[in-house]
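Me: I have a structure open that I have never looked at before. Could you walk me through it?

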Amino acid sequence: MDQNDSSLRIAIQKGGRLSEKTLLLLENIGLEFDSYKNRILVRCRNYDVELLLIRDDDIPEYVQDGICELGFVGHNVTAESKADVTSLRGLGFGKCRLSIAVPKTSGITSLKDLDGSRIATSYPVLTREHFERQDIHVKTIEISGAVEIAPTLNVADAISDIVSTGGTLKTNGLVELETILESQAELIQTNRPIPQHKKDLIHKFLMRMGARQQAEKSRYIMMNAPSDSVKHLCDILPSLKSPTVLPLAENDMVAIHSVIPTHQFWEVMEELKNAGATGIVILPIENMIV
Ligand code: ATP
Ligand code: ZN
């Protein structure tokens, strides 16, 4: 097929930590796919898109080379790859950090104490850069998995690895010393030229994602209140737009509807109640175009 009439191609991780949430995100913006099982290339049924399911380490390069126009991948992987791509947006999941950790019993308390030591890592580029920036000389030992046991095996004096809760470090008698990089899943785009019809598809795709992300950050709130408390309640409501006020059959009572940031709901709920609101209902929003 000529590159000009081919589908928009998106790289996603096959069978890893990011796969499920990425597929859910695509589903939530209305994209339907056939079975992913044992497939590398999966066509979308209702959008001119195909998914390429590959190892996360390969995603930045596939996007850099224009084999895929977009990719869903951890920022840690993009940063380590040094691929020439543009990060379009963070996705709010797959949160973790690349951290330096040392054996609890080592007595090491600062990065400087690691001068001359061996650091086991799957992230040699970012790790080396971090130490070089501080003018500390270390030897990086590249290991692709189970980095956390390297100090026990005396393969290294410290490690630089991905941490989310810190549970794995603790189990292996390690403590975090310093964070190299904060990370989350992100959407990356190729810097290669993109044909116009694919640019249009990306634009529509991003609009849908934006609407969904905005909706997830917001809640629809409804409440009843005496008419004379409307002004006070509207002052309390952290609304995105002016609230809707509707008369109720009951005299001098109104219903107030509004959209508020999700994280502020609990903060304002008490205040709303104290100001006379009753029957407060809060609903999720499926999509939102502001
Ligand atoms: P692949 O087989 O695709 O190479 P992988 O083993 O390298 O997979 P996963 O363990 O599936 O990668 O992790 C994918 C991404 O999830 C990581 O690159 C990182 O961005 C993110 N992540 C979030 N929390 C963690 C964690 N606790 N450990 C490792 N990765 C995490
Ligand atoms: Zn990987």
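Predicted model: local features only at pLDDT ≥ 70, side-chain atom pairs only at ≥ 80, totals over all residues.

Me: Okay, and where does aspartate 252 sit?

Reply: Aspartate 252 belongs to the loop that links strand 13 (244-247) with strand 14 (253-261). Although aspartate 252 is not a glycine, its phi is positive, at about 60 degrees, and the hairpin that strand 13 and strand 14 form has 5 residues between the strands.

Me: How do strand 13 and strand 14 pair, and over how many bridges?

Reply: They pair in the antiparallel sense, over 4 bridges. For a pair you can find on screen, take threonine 244, whose bridge partner in strand 14 is histidine 257.

Me: Which other residue has a positive phi without being a glycine?

Reply: Alanine 146 is one, with phi near 50 degrees, and this residue is found in the loop between strand 8 (139-142) and strand 9 (158-163). Its relative accessible area is 45%, so alanine 146 counts as partly exposed.

Me: Let's zoom out. What domains is the protein divided into?

Reply: The division gives domain 1, made of 8-93 together with 185-215, then domain 2 (96-183) and domain 3 (218-284). Taken over C-alpha atoms, the centres of domain 1 and domain 3 are separated by 39 Å.

Me: Now the sheet with 6 strands: what is the strand order?

Reply: The order is 2-3-1-4-11-5, in an open sheet with mixed pairing. Strand 2 (41-43) and strand 5 (85-90) are the edge strands, each pairing on one side only, and from one strand to the next the twist averages 30 degrees.

Me: What packs on that sheet?

Reply: Helix 6 (residues 196-216) does, touching strand 1 (8-13), strand 4 (70-74), strand 5 and strand 11, and the direction of helix 6 makes about 25 degrees with that of strand 5.

Me: And how does strand 5 run against strand 11, parallel or antiparallel?

Reply: Strand 5 and strand 11 (residues 185-190) run antiparallel and are joined by 5 bridges. Within that pairing, glycine 90 stands opposite glutamate 186 in strand 11.

Me: What about the inside? Which residues touch the most other members of the largest nonpolar core?

Reply: Those are Leu51, Phe72 and Phe205, in a core of 28 residues. At least two residues of this core come from each of strand 1, helix 1 (19-28), strand 3 (49-54), strand 4, strand 11 and helix 6, with helix 6 giving the largest share, 5 residues. There is also a second, separate core of 26 residues, which includes Val77, Leu98, Ile100 and Leu181. As background, nonpolar side chains in soluble globular proteins tend to be buried together.

Me: Last topic, cysteines. How many disulfides are there?

Reply: The count comes to 0 disulfides.

Me: Is cysteine 68 buried or exposed?

Reply: Cysteine 68 counts as buried, because its relative accessibility is 0%. Cysteine 96 counts as buried too, with a relative accessibility of 13%.

Terms used. Residues numbered from 1 in each chain as written. Chains lettered and ligands numbered in written order. Heavy atoms only, no water. Pairing = 2+ DSSP bridges. Axes fitted to C-alpha atoms, helices over the stretch in contact; angles between N-to-C directions. Contact = heavy atoms within 4.5 Å. Disulfide = S-S within 2.5 Å. Buried < 20%, exposed > 50% of the residue type's maximum accessible area, 1.4 Å probe, protein only. Core = buried A, V, L, I, M, F, W, Y, C linked by side-chain atoms within 4.5 Å. Domains from an automatic or database assignment.
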